[in-house]
Amino acid sequence: MILFINSCVRENSRTRRLADSLLARLGEEAQEVYLPDIAFPVIDEAFLNKRDRLIADGAFDDPLFSLARQFAEADQIVIAAPYWDLSFPAVLKQYFEQINVLGVTFTYTPEGIPKGLCRAEKLYYVMTAGGCYVPEEFGFGYVRALAQNFYGIADVELIRAVGLDIDGADVEGIMQECLSTIESAKTYQ
């Protein structure tokens, strides 16, 4: 199962356009989680106490953990996240706060080292940026660190088109170059 985590809010999202091309190339119907439609709970002390109690009881079938279970069971994951303010949309951070569940997406070794429990063999991170200053550590790097160090997903790939809003940029040319890369890549099958 391919899990498509969509944090694109614009109707004509360029990031979504790239993600749709990748999903078509992967050739399997994806389950989409459209993050802007989710009313995430506030992470306060009451929420944490409830979550900790459910984890201690091993009650992982509780609806509170449905997103975490879905993430852990995916075979491949595609995240569409435009590059905003040196990162990604806040709703994606809220999503990660919901799926970081001890006993579902990761556990700890006796030495206190995180060990992933997710089934996915690959995570694709699809992004676009208006400018060219796009340090990987702020957006993609965070997601890659979570995937590799907590979820156990070693293969994490960045697909991106940048410089789209610079005066004089050939926006369609930049997009087509990225789309051509997706369409011709032998690994996207």
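H3 and H4 sit roughly perpendicular to each other, a label that covers angles of 65 to 115 degrees. This is a predicted model, with local features taken at pLDDT of at least 70, side-chain atom pairs only at pLDDT 80 or more, and totals for chains, interfaces and linings from all residues. Residues are numbered from 1 along each chain as its sequence is written, and side-chain values use heavy atoms, leaving out hydrogens and water.

The axes of H3 (residues 66-73) and H4 (residues 90-99) come within 7 Å and cross at roughly 90 degrees. Axes here are lines fitted to C-alpha atoms over the stretch in contact, with angles running from 0 to 180 degrees between N-to-C directions; helices are DSSP runs of H or I, at least four residues, numbered from the N terminus. On the H3 side, Leu67, Ala68 and Phe71 touch Tyr95, Gln98 and Ile99 of H4, contact being heavy atoms within 4.5 Å.

Then there is the other pair. H1 (residues 14-26) and H6 (residues 171-184) pack at about 20 degrees, axes 9 Å apart, and are therefore roughly parallel (angles under 35 degrees). Residues of H1 that meet H6 include Arg14, Arg17 and Arg25. By class, this contact has seven nonpolar, three polar and five charged residues, where Ala, Val, Leu, Ile, Met, Phe, Trp, Tyr, Cys and Pro count as nonpolar, Asp, Glu, Lys and Arg as charged, and the others, Gly among them, as polar.

Conventions
Helix = DSSP H or I, 4+ residues; strand = E, 2+ residues; numbered from the N terminus. Parallel < 35°, antiparallel > 145°, perpendicular 65-115°, else oblique.
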